[in-house]
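Here's a quick tour of a protein model with a ligand in place. Have the sequence and the 3D view open as you read.

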Amino acid sequence: MKIGILTSGGDCPGLNAVIRGVVLKGTETYDLEFVGIRDGWRGVVEGDFFPLTRHEVKGLSKVGGTILGTSRTNPYEGERGGAENIAKTLADHGIDGIIAIGGEGTLAAANRLANDGINVLGVPKTIDNDLKATDYSFGFDTAVNIATDAMDRLRTTGDSHQRCMVAEVMGRHVGWIALHAGMAAGAHAICIPEVPMSIEEICELVSSANARGRAPLVVVSEGFTLSGMDEAYSDKGLDAFNRPRLGGISEILAPEIERITGIETRSTVLGHIQRGGSPSGFDRVLATRLGLHAADAIVDQAWGEMVSLRGTEIVRVPLADALIELNTVPRSRYDEAAALFG
Ligand code: F6P
């Protein structure tokens with residue numbers, strides 16, 4: 001069998017480790033042939049493929065980004081898009097199936113293509129950890145480590161000046177990165193999309209930490225909404241899937257905190273730094289295992305399914321299961337962290 005591999009959507013530390021895992025197991029154990037697909041679904045639609053052998057994946061588990069390139073192309077758009085055209089393009093190149101490594105948007109497209117008869121297997125990735133059918137997605141641990149390190153740094157400068165520091169992290173509409181990095185860094189308040197708060201509630205926590213002689217650290221998720229706000233803050237337009245580009249809520253909060261509490265306050269938006277660089281050891285292992293199991297799933301022709309982490313095991317689930325709803329932070333997890341606020 002000849003299999004195409006693509007990475008699509010936002011990049012994520014661990015993508016290359018999946019590619020290496022698939023190719024090593026697939027070629028050495030099963031004698032499969034692989035091609036890389038350039039820039040996600042764009043490469044499928046345009047037939048942009050190149051041979052992917054053991055040689056191309058050597059040393060990749062520690063390398064950030066993706067050697068395949070990525071995009072947010074919708075495979076159903078454009079003259080050459082749609083399941084019928086794609087089936088023809090794949091047949092012309094002798095490709096029997098696709099491994100699509102991606103998040104919500106990518107897996108939704110993969111699921112639709114699978115329902116339309118294309119052989120697709122999914123591998124979940126996202127720093128946001130917002131996919132339902134996997135306990136953790138690779139990339140999340142790395143993002144949390146980067147954010148934690150950044151917050152440790154913000155705390156030393158905050159302590160020196162007795163300032164309140166507001167650190168904004170990614171995560172779209174779920175608060176996993178904020179919750180984990182905030183807990184790890186000892187934040188005095190963590191603001192996540194799942195739990196709207198008023199500016200007064202945030203300021204109470206800031207003032208209480210300040211009254212104990214601490215320089216307050218507020219961690220805010222980019223998708224956080226202040227009580228009364230209808231939707232997450234966005235002033236950067238829409239992405240290719242027509243979703244608002246998030247980011248900037250900390251710049252709204254910081255001056256308000258300073259005005260209400262009288263404590264000098266600074267904001268920092270961590271942004272894409274959270275997605276860059278080498279994957280953590282945990283993410284390298286998770287991503288590699290997903291790749292190895294994806295090769296097994298190809299041999300079993302588990303099209304329309306996705307490899308996923310359940311507890312400590314890698315299992316297969318229908319692609320549709322990943323798309324039912326977002327993997328949000330449960331109230332109980334937020335309450336654990338909230339016991340440490342203020
Ligand atoms: O989904 C991953 C993610 O990094 C989100 O946390 C963030 O909102 C978004 O992608 C940013 O996307 P872009 O790279 O298009 O700016």
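D39 sits in the loop between β2 and α2 (41-46), where helices (H or I, at least four residues) and strands (E, at least two) are DSSP runs, numbered from the N terminus. Its phi is positive, about 60°, even though D39 is not a glycine. Most residues other than glycine have a negative phi.

You'll find D31 in the loop between α1 (15-28) and β2 (33-37). With a relative accessible area of 66%, D31 is exposed.

## What you're looking at

This is a predicted model, where local features need pLDDT of at least 70 and side-chain atom pairs count only at pLDDT 80 or more, while totals for chains, interfaces and linings use all residues. Residues are numbered from 1 along each chain as its sequence is written, and side-chain values use heavy atoms, with hydrogens and water left out.

## The annotated binding site

The unreviewed UniProt entry lists G10, R72, T73, G103, E104, G105 and T106 under "binding site"; UniProt positions follow the numbering used here, feature names are shortened, and annotations may be inferred rather than shown by experiment. These residues span 97 residues in sequence, yet no two of their C-alpha atoms are more than 13.3 Å apart, so they gather at one spot. From this set, G10, R72, G103, E104, G105 and T106 belong to the lining of the largest pocket. (On a 1 Å grid over the protein atoms alone, a pocket is an open set of points with protein on both sides within 12 Å along at least five of seven lines, and lining residues have an atom within 4 Å of a point.)

Which loop holds T73? T73 is in the one between β3 (49-52) and α3 (83-92), and it is partly exposed at 26% relative accessible area. Leaving aside residues up to four places away in sequence, T73 touches W41, R42 and F241, with contact meaning heavy atoms within 4.5 Å. The T73 side chain also makes a polar contact with the side chain of S71 at 2.9 Å. (That takes a pair of N or O atoms within 3.5 Å; within protein, one must be able to donate a hydrogen and the other to accept it, and residues adjacent in sequence count only if both atoms are side-chain atoms.)

E104 is in helix α4 (residues 104-115) and is partly exposed, at 33% relative accessibility. Again not counting residues up to four places away in sequence, E104 touches D130, L131, R243, L323 and L326.

## Around the ligand

R72, I127, D128, M170, G171, R172, E222, H272 and R275 surround the ligand, each with a heavy atom within 4 Å of it. Oxygen atoms of the ligand come to 2.7 Å from a side-chain N or O atom of D128, 2.5 Å from one of E222 and 2.8 Å from one of R275. Taken alone, the ligand exposes 400 Å², and the protein buries 81% of that; these areas come from the Shrake-Rupley method with a 1.4 Å probe.

## A338 and C191

A338 is part of helix α10 (residues 331-338) and is partly exposed, at 26% relative accessibility. A338 and C191 are 147 residues apart in sequence and 10.0 Å apart in space, C-alpha to C-alpha.

Definitions and conventions
On a 1 Å grid over the protein atoms alone, a cavity is a set of points where a 1.4 Å probe fits but cannot get out, and a pocket is an open set with protein on both sides within 12 Å along at least five of seven lines; lining residues have an atom within 4 Å of a point. Buried means under 20% relative accessible area, exposed over 50%, partly exposed in between (1.4 Å probe, protein chains only).
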